[in-house]
Amino acid sequence: MAEEPTAAELIAEGDAVPTAGWDFSWFDGRATEERPRWGYSRLIAERLGQAESALDVQTGGGEVLAGALRTGETRAGGHRPALLAATESWPPNLDIARRNLAPFGAVVAEAADDADLPFPAGSFGLVVSRHPTEVLWTEIARVLQPGGTYLSQQVGAGSNRELTDFMMGPQPVSPSRSPQVAVAEATQAGFDVVDLQEQALRVEFFDVGAVVHFLKKVLWTVPGFSVAGYSEPLARMHDHIQANGSFVCHSQRFLIEVRKPS
């Protein structure tokens, strides 16, 4: 019978996994996350199956958009937006997104998360975004056509705070990512709010290597995280998982859909 890997071996393994793209398949068998009840990928597949022009803001590696496009084409008898574009800020992700979205004829533009969108006013009937780090509501309103829709799944306030607090000690929770703030900012930008849903989702880590990879990939959970800088809490995390079978925390997600008045 093979010996179980040590804490040091698991930590080194998680530290070595590439973080480019937005593919979480490496976590299979090592961590789980409950999925939101509304089914974001299904929703955008439905919208893309009807849209003539669409933009995905902060697309990551384009994996979510590509999957939704494939689903939308199947359900809509091959329909694809005539104009399809995406933005991404991180150069390694840009290359991945361009490969993933090339079969759909999408243009992937480099744009900082807090920069103006590099498209003319009124370019798109649909704008989508999954887990954006910044939401520039006035820019989204500018590039949308009258009557156009913005649909976004976002990270809510205090997401995975149990993990943040375990690694860093108790931390204040900023309300800046709350659904209420999003509604206020969207309304101020001139949008009508069509739908708002929120949910806390169970996240479970089964080894400390999965925790390491998650913290390197989802950077805002523990800002400035490094294995060397957090060796002591990582050792405690390994002991906790060994004693309890897993580490449990809860991600916060909300779905917001808004429409630009005609």
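When we sort residues by class, Ala, Val, Leu, Ile, Met, Phe, Trp, Tyr, Cys and Pro count as nonpolar, Asp, Glu, Lys and Arg as charged, and the others, Gly among them, as polar. Keep that in mind as we look around this structure, which is a predicted model.

**A hole inside**

Searching the whole structure for cavities of 30 Å³ or more turns up 1. The largest cavity holds about 120 Å³ of space. Which residues lie nearest its centre? They are Val 57, Gln 58, Asp 113, Leu 117 and Glu 134, out of 16 residues that line the largest cavity. Sorted by class, that lining has 10 nonpolar, 3 polar and 3 charged residues.

**Helix α9 and its partners**

Now for some helix packing. Helix α9 covers residues 231-244 and packs with helix α6, residues 161-168. Helix α9 also crosses helix α8, which runs over residues 208-217. Here are the two pairs:

| Helix pair | Angle | Axis separation |
|---|---|---|
| α6 and α9 | about 125° | 8 Å |
| α8 and α9 | roughly 135° | within 9 Å |

How do we describe angles like these? Angles over 145 degrees count as roughly antiparallel and 65 to 115 as roughly perpendicular, with under 35 being roughly parallel and the rest oblique. With an angle of about 125°, α6 and α9 are therefore oblique to each other. On the α6 side, the contact is made by Leu 163, Phe 166 and Met 167, while α9 brings in Pro 233, Leu 234, Arg 236, Met 237 and His 240. By class, that contact has 6 nonpolar, 1 polar and 1 charged residues.

The helices α8 and α9 are oblique to each other too. Here Val 208, Val 211 and Val 212 of α8 meet Leu 234, Met 237, His 238 and Ile 241 of α9. This contact divides into 6 nonpolar, 1 polar and no charged residues. Notice that Leu 234 and Met 237 of α9 turn up in the contact with α6 and again in the contact with α8.

Is Ala 141 buried or exposed? Its relative accessible area is 12%, so Ala 141 is buried, as the cut-off for buried is under 20%. Setting aside neighbours within four places in sequence, Ala 141 touches Ala 189, Phe 191 and Lys 260. Pro 261 is 120 residues away from Ala 141 along the chain, yet their C-alpha atoms are separated by 9.8 Å.

Then look for Arg 42 in helix α2 (residues 40-48). Arg 42 counts as partly exposed because its relative accessibility is 38%.

Definitions and conventions:
Residues are numbered from 1 along each chain as its sequence is written. This is a predicted model: local features need pLDDT of at least 70, side-chain atom pairs count only at pLDDT 80 or more; totals for chains, interfaces and linings use all residues. Side-chain values use heavy atoms; hydrogens and water are left out. On a 1 Å grid over the protein atoms alone, a cavity is a set of points where a 1.4 Å probe fits but cannot get out, and a pocket is an open set with protein on both sides within 12 Å along at least five of seven lines; lining residues have an atom within 4 Å of a point. Grid points are joined across faces, edges and corners, and a volume is the space filled by probe spheres set on the points. Axes are lines fitted to C-alpha atoms, for helices over the stretch in contact, and angles run from 0 to 180 degrees between N-to-C directions. Helices (H or I, at least four residues) and strands (E, at least two) are DSSP runs, numbered from the N terminus. Contact means heavy atoms within 4.5 Å. Buried means under 20% relative accessible area, exposed over 50%, partly exposed in between (1.4 Å probe, protein chains only).
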